[in-house]
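Colleague: I am new to this structure and would like to learn how to read it. Could you take me through a few features, one at a time?

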Amino acid sequence: MSDHIDDKELEELNEIYRRKMEAQKSHEPKKAKHEKPAKDVKSENTHSEKGLPNKKAENSAKSEKPVNTEKQIKVKPEKQDKEEKTQPESKPLTEGERRKKLAVKINIGVCTAFFAVVAVGLLVLPRPTISESEKRNLATFPKFTWDAYWSGDYTSDISYFFNDTVPFRDTFKSIGAGFRSLFGFSINGAEIKGNVSQVNSGASQTEVTTVSTKPIAIVTPAPSDTSSEAPESKDETSSKDNSDDSKSDTSKAETSSKPDNSSNSSKPENVYIAPSDPDAQVLYEEGSQLVYQSGDTIYGAQLYNGNRDNAEDYANTLNTLKTLLPDANVYSMLALTQNTFITPAELEKTKYTELSDSEYISNMLSKDIKVIDTMNALLPHQKENLFFLRDCHWQQLGAYYAAQSFAKAASVNFAKLSDYDKYEEDCLGSVYAATQYEGLMYEGETFTYYVPKNEYTTDYYDEDYEYQFEYPLMPRSDYNTTAFYSLFMVADSYIKHITTDVDNGRVLVVLKDDYPSAMVPCLTSSFSEIYVIDVRYCNFNVADFCVEKGATDVLVGMTTENALGEIGDTLSYLLNI
Amino acid sequence: MIFADLFFLYFFMALCFIAYFICRKTVYRNWVLIVFSMIFYAWGEPVWVFLLVGSVTVNYFAGLLIDKFRDTKKATAVTACALIFDIGLLMFFKYTGFFVENFNAISPVDLPVPHIEMPIGISFFTFQIISYILDCYWGKIKVQRSWYKLLMYISMFPQLVAGPIVRYAVIEDEIDNRVITSADISDGITRICMGLGKKVILSNNLSTIVDTFFKNGDLASLSVVGTWYTVIVYAMQVYFDFSGYSDIAIGLGRIFGFHFDENFRYPFVSKNITEFWQRWHISLGTFFRDYLLYVPIFGKRRKYLNLFLVWFCTGFWHGANWNYIIWGLYFGLFILIERTIGNKNMRKMPKALAHIYNTIVVVVGFGIFYFTDLGKLGTFLGNLVGMNGNSFVDKISTQNMMANAWLVIVSIALCMPVIPALKKKLESMNLYLATSVGQTVLNVAVFALSSILLVNATNNPFIYWQF
């Protein structure tokens, strides 16, 4: 950060240098035949006038050539006369020169030692293969192919491997984040570690889709057993139409069409108003991942990005499943996320909301499929700790209320919260892993979970349903702050078979994405057996599996966005293989 | 491969130093530099190594022919052919798409616009080659009769892809005769550490502010203060980015025993635009001064037309886009104005006023430099004076300033010669050793911190790589 010497000093030293060079050149044969002296002589003033570096400036810009007299003497040792060679050697060093030499030695020694230690450390220390904070496998050393080499991929992958697998990378990242946190001051009491970006305030929010149906008022019917009845009403009074028709800019009422033939006429008991915060500020944004500040709290969210065009396909998939399993109760649960309950409406970027899309899908389901209404399950408890603030999942309490609604629909027993052992752990939400936004690194929160007290065993199988091992349903001893959702049945990639002490003969198969994982422990008092299949990690026909295992109940649970995305497609695929 | 990369710093550079210092003879060291330079260049784009080597080979023979036919028309012809070849390559790779786009715009035809991948550093090594050929022709240097030595000069990895534009004359003697002193190594280490710090600690973090408002934000709604704030930060980002790269290049060169010219001399302390360009990207300015300004293309009227040509080329050299041309001519215009006013009158301007004038012109210039989209450039210029109906100040910008206050303040301070002044002061207090030890501690701290910040860096190429 220093350009070192000032002009005056440089000019003096340049003068010494020029004299030396002239003296030196006088001993050399003339090398240039075609000098252009005229140009150089007259150039000094005009260069300056043209705004280009003049000779004077250029000389002073010479890379400290004149400064290092030691170097000047040694550059051409064979061309210098004896006098010049021997003079500095015979002259005793002054105190200043001795200090300079010592300083040079110290600088080289210390810097080289540091550099060497780090370089050797990077070579010999074991390199991590997984980043727990980012929830991903780290880069592996690339395999050589000529194609990869000529495209430049091979070499860039080597660099990437070297950088991605630095030993203690998470520690270094923490230090880096800590350093960056020193760049500025906190805002409104909230610690802003990074940069505040704009999108969402007032008229400037051009990127925010203004046709969002939020803030919305959802008029919902009272939760009742009718939720287990088949949906009949297909009339479209949901978000799209309402939002289009509404004259209001700020609040657009949306009347839900419950899959209940009495819902349209039922007296609303709950009115849901989506959260609104026009002052919410986006701190980081990448794709649908969002970090924002609302009030004094920093939130991490995965904005809803469902594709309604796929709604019919998904509904058809579930209808097909029901057709294939005529004797089983089939349930559809489109889980609502923090998008519906926490994220300010102003930040939404899609035309349809998660809630309106889930309603839209449910209206297309066969009447034989029972819809689990998570809105009504969660709404009475919305002040409770249902969702993480910086993680895309729900807390187990949110899952508990959804499971309660499901158990009610399935007419099975359901354990009270007091029948669980409650624990609390620190955790780092998944939005940090997804965004790597450093401001979230220190924004830990509390993960509250409930371990059922009744008797059960859990067997784990691979994607082909080959037995692997028996292990706890919620292995607390393996708890990890960043991969904390692995507390629920180790990993999504295993198929689980839970055998409980319940003897009602009910066999439940859960076909899911990662979201309902937290629900399963809440059902160990409700079913004799539970099979849990994450449809992303399954290589067989799930309908055949349900038949084979004698499933009495099949719960298809996932977020609305996943249902309208690849996971919904995967489920369709699993019915046809 | 880039300098601000852990693989480069702790593997490639380490191996290169080991190999270099194991060899005792200059000839072997030259070969070490060639091998490592080829690996360096091939790391990102292996195929372009052939272009580089081919270009060097053509110019090597051109140099020999120029020498052979010296003072004859044949020498002129060879020089012209070599220049056409070199400039032709640059034009083909860098400007073909631009020319076709503009041709389509002004003509009824609609030619397909070719998307030609540009070899990294072609602007820099082409200019080095041109300087070699012209200096050969003018007899300012001896023709290099060794192919591998010319290859080493052109391909030397410290300055290969982003300058500074090292002229052959600068290192002519050092190719064969160089002695590396401990002072050279010490200075080289310091330059590398400081350059890395400029890039990783300052420039990379300043870039996040710029991205927030200019790249990702809604430019039209950015306030007057927010626009000025961002463009000032951008000016500093470019300075620390490019001067940081130059520092590393000069430092590496010093350790290898070469003494490259300085490329930056605290440009923001300038009192006028003429001075600014004597302190900013000096190697480019001196190149145009020596190889273009006095070429009598426009005959007697060269006084103004050459000035126009130089600044047109300065802008165009930076990129195949109109904003770069506007940027170059913008500075040319101010230099013309300053020249019309005269040096004496310029000096009469109060110092504070002169600095303000220079800073405003330079900073606005960087705005022109940033916006390759001319529509956005217009919005930016309107924003500066509140012509877009934008507010004077906005909450988000204010918060960003608060959130990055120390970073910006430290960056502004380091744009000034604060450290040299501090060192000088301490040394005048007879604290030379303490100052030197302080520099060592600073070197290690900056290098360590930069390394840590690079652990999670995903995208930190040097800005001037694209040129």
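**Reading the model, feature by feature**

Modeller: Start with a loop in chain B: B:Asp71 lies between helix H3 (48-68) and helix H4 (73-106). Bear in mind that this is a predicted model.

Colleague: What is the phi of B:Asp71?

Modeller: First the general idea. Most residues other than glycine have a negative phi. B:Asp71 is not a glycine, yet its phi is positive, at about 65°.

Colleague: Is B:Asp71 buried or exposed?

Modeller: Exposed, because its relative accessibility is 60% and the cut-off for that word is over 50%.

Colleague: Which residue of chain A has a positive phi although it is not a glycine?

Modeller: One such residue is A:Met489, again with a phi of about 65°. A:Met489 sits in the loop between strand E14 (467-470) and strand E15 (495-500) of chain A. Its relative accessibility is 1%, so A:Met489 counts as buried.

Colleague: Where does A:Phe388 lie?

Modeller: A:Phe388 is in a loop of chain A, between helix H14 (374-378) and helix H15 (396-410). It is buried, because its relative accessible area is 0%, and buried means under 20%. The C-alpha atoms of A:Phe388 and A:Tyr299 are 8.9 Å apart, although 89 residues separate the two along the chain.

Colleague: Let us turn to the surface. Which residues form the nonpolar patch?

Modeller: A patch takes in residues with over 30% relative accessible area. Here the nonpolar patch consists of A:Val120, A:Leu123, A:Val124, A:Leu125 and A:Phe168, and together they have about 490 Å² of accessible area. One of them, A:Leu123, belongs to helix H6 (residues 95-124) of chain A. A:Leu123 is exposed, because its relative accessible area is 53%.

Colleague: Which residues make up the negative patch?

Modeller: Asp and Glu count as negative. The patch on this surface is formed by A:Glu312, A:Asp313, A:Glu566 and A:Asp569. Two helices of chain A, H11 (311-324) and H19 (566-574), each contribute at least two residues to the negative patch. A:Asp313 is in helix H11, and its relative accessibility of 44% is why A:Asp313 counts as partly exposed.

Colleague: How should I read the confidence values?

Modeller: Where pLDDT is low, the predicted coordinates should not be read in detail. For chain B the mean pLDDT is 89, and 95% of its residues reach 70 or more. For the complex, the predictor gives an ipTM of 0.84 and a pTM of 0.68.

Definitions and conventions:
Residues numbered from 1 in each chain as written. Chains lettered and ligands numbered in written order. Predicted model: local features only at pLDDT ≥ 70, side-chain atom pairs only at ≥ 80, totals over all residues. Heavy atoms only, no water. Patch = residues over 30% accessible without salt bridge, like charges linked within 9 Å, V, L, I, M, F, W, Y side chains within 5 Å. Areas by Shrake-Rupley, 256 points an atom, 1.4 Å probe, with all protein chains shown as cover. Salt bridge = Lys/Arg side-chain N within 4 Å of Asp/Glu carboxyl O. Charge placed at Lys NZ, Arg CZ, Asp CG, Glu CD. Helix = DSSP H or I, 4+ residues; strand = E, 2+ residues; numbered from the N terminus. Buried < 20%, exposed > 50% of the residue type's maximum accessible area, 1.4 Å probe, protein only. pLDDT = per-residue confidence, 0-100.
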